[in-house]
Amino acid sequence: MNRNLALEFVRVTEMAAIASARLMGRGDEKAADLAAVDAMRSMLDSIDFDGTVVIGEGERDEAPMLYIGEKVGTQKGPPLDIALDPLEGTTICAQGRPNAISVIAVAEKGHLLNAPDTYMEKIAVGPTCKGAIDIRHSSMENLKRISDIKKKRIQDCTAVVLDRPRHKELIEELRSIGCRIYLIGDGDVSAAIATCSSDSGIDVLFGTGGAPEGVIAAAALRCIGGDFQGILRFRNEEETRRAKAMGITDKDKIWGIEELASGNVVFAATGVTDGSFLPGVQFKSWGAKTSSIVMRSESGTIRHIQAKHHFDTKPRY
């Protein structure tokens, strides 16, 4: 994959972040998400590549734009698969809370999992614990391995978990073994990435969230040497049927990080609201400032990009 494309995809998340950040705290989730989708779609179509959305806003009958299977780009460049979330944390943004981001992952054609919009059970860790996790085992068994490798007591380890009723038993199990728990309302892509940062204090991500976010998180962790496993959790027979149509026949299959996002992968993200992963968009009299990250699995390069966008010399977003 042409490395110059990596910077093009940062422009995509920047514009989606700026568009949705204008609606921060306004209480309208749909409007914030639509603004991000519109901006991302427009920017993607300005890039010279033959893109196919494999993880997006939903399936064709559920989303008007950036749906699974939609073609994006000018169709004049290399064939690439796209996994995206124009606004990860729509509720976060609408309520003016931290950690909303705009994200995109790009890989060569056929190298990102193509799956229906469903749930995924997940476990994620940073590079130190790569190869040590097994989603088939209990949280206690996984934490024992993680704590041994990190030379920490289980009581000093921190697990990040989405605060959902479905995680009641998981949370009770983690509490029973003395693990510290960081509960989040949304945003498990940035939470998974946090396991790779020694400054985050996060050791592992557990729980069930969106499958699209799982693929995107796996792509990001591929770039920084982390580890990820997932099992698709279909909510109904229709999702099972759609998965079979996409070639997924084993509903209990454990998807490793290399199966979710293989080959040369590019990951880009821009902060929408301030968070532990990225600062949010700041609006100025002349335009806006954005903070982004772009990573490439091929080289292991991680770039942090601070950009100033002068609205009088750019199109309106």
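## The largest pocket

Helix α2 (29-44) contributes the most to the lining of the largest pocket, at five residues. Helices (H or I, at least four residues) and strands (E, at least two) are DSSP runs numbered from the N terminus. This is a predicted model, where local features need pLDDT of at least 70 and side-chain atom pairs count only at pLDDT 80 or more, while totals for chains, interfaces and linings use all residues. Residues are numbered from 1 along each chain as its sequence is written, and side-chain values use heavy atoms, with hydrogens and water left out.

The volume here is about 780 Å³. A pocket is an open set of points on a 1 Å grid over the protein atoms alone, where a 1.4 Å probe fits and protein lies on both sides within 12 Å along at least five of seven lines; lining residues have an atom within 4 Å of a point. Points are joined across faces, edges and corners, and the volume is the space filled by probe spheres set on them. Among the 33 lining residues, E57, D85, L87, T90 and E213 are the closest to the centre. The lining divides into 14 charged, 11 nonpolar and eight polar residues (nonpolar: Ala, Val, Leu, Ile, Met, Phe, Trp, Tyr, Cys and Pro; charged: Asp, Glu, Lys and Arg; polar: the others, Gly among them).

## The second largest pocket

Now for the other pocket. Its volume is about 510 Å³, and of its 27 lining residues, S190, A194, S200, S276 and F277 lie nearest the centre. Helix α6 (188-194) provides the largest share of this lining, four residues. By class, the lining holds 16 nonpolar, eight polar and three charged residues.
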